[in-house]
Amino acid sequence: MMVSGMLVGLTNGILSFRRPLEKKSNKMLHVFWFIGAIITMSIGLKAVWKSHDDQKPYKANLYTLHSMIGLSAVVLLSQNFLLGLLNFGSPFMSEMVKKVYKPNHIFMGVCTLIMAVMAITTGKLTRVDTVELLIECTALRGLHLLYVCPVSCLFICVFRLTHL
């Protein structure tokens, strides 16, 4: 749920302006994908939170690097979505304000996608030992980890190796 919301929703939302449609249709598609991403991530967060609370013995929430990066990605996405609606969806904003905010909106969107991929990678690493991950990444079935985001995978591997 979380992976599909983050990868599919964020990637399609970011790439929605690359489609050969009119500007208003692209904006609506952009908003649609981000609403979908926020909904799926919220449902996934609620499910994870509930499963941790219901577990016997009690399992704490937000105790791993994965949970911190993931929650930060959700907060950044929500903030960027609300600010984007305020700036670009409001008919009262001047074109100058929109022009000034647009690079920040794009930067925050790309940062959110990078954080989402890092959260997915760290989630994978909480289940797999670092040595097993390196072996799996060299096999064909694990090649997707290095293909999706080599920078985040390298970052996480270095982090895990320095904090053993």
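Which residues does Asn 26 touch, not counting those up to four places away in sequence? I opened the notebook with that. The model I am reading is a predicted one.

**Entry 1: Asn 26**

I looked up the contacts. Asn 26 touches Ser 16, Phe 17, Arg 19 and Leu 21, once residues up to four places away in sequence are set aside. I then placed Asn 26 on the chain. It sits in helix α2, which covers residues 23-54. Next I asked for its accessibility. The relative accessible area of Asn 26 is 4%. I log Asn 26 as buried, because 4% is under the 20% cut-off.

**Entry 2: aromatic pairs**

I searched the whole structure for aromatic pairs. The search returned two.

One is formed by Phe 32 and Trp 33. I checked accessibility for each partner. Phe 32 has 53% relative accessibility and counts as exposed. Trp 33 has 24% and counts as partly exposed.

The other pair is Phe 88 with Tyr 101. I read 5.8 Å centre to centre and 40 degrees between the planes, so the label is tilted. Where do Phe 88 and Tyr 101 lie? Phe 88 is in helix α3 (residues 65-88), and Tyr 101 is in helix α4 (residues 95-127). The pair therefore ties together parts that are 13 residues apart in sequence.

Is Tyr 101 buried or exposed? It is buried, at a relative accessible area of 11%. Phe 88 is partly exposed, at 22%.

**Entry 3: helix α3**

I went on to α3 itself. How many residues does α3 have? It has 24. From its first C-alpha to its last, α3 reaches 33 Å. That is close to the 34 Å expected at 1.5 Å a residue.

I then listed the buried residues of α3. Among them are Ile 69, Val 74, Leu 76, Leu 77 and Phe 81. The list also includes Gly 70, Ala 73 and Gly 84. Ser 67, Asn 80 and Asn 87 are on it too.

**Entry 4: Ser 4**

I found Ser 4 in helix α1, residues 2-15. Its relative accessible area is 37%, and Ser 4 is partly exposed. I also took a C-alpha distance. Ser 4 and Thr 40 are 36 residues apart along the chain. Their C-alpha atoms are separated by 7.7 Å.

Definitions and conventions:
Residues numbered from 1 in each chain as written. Predicted model: local features only at pLDDT ≥ 70, side-chain atom pairs only at ≥ 80, totals over all residues. Heavy atoms only, no water. Helix = DSSP H or I, 4+ residues; strand = E, 2+ residues; numbered from the N terminus. Buried < 20%, exposed > 50% of the residue type's maximum accessible area, 1.4 Å probe, protein only. Contact = heavy atoms within 4.5 Å. Phe/Tyr/Trp six-rings, centres within 6.5 Å; stacked < 30°, edge-to-face > 60°. Expected span 1.5 Å × (residues − 1).
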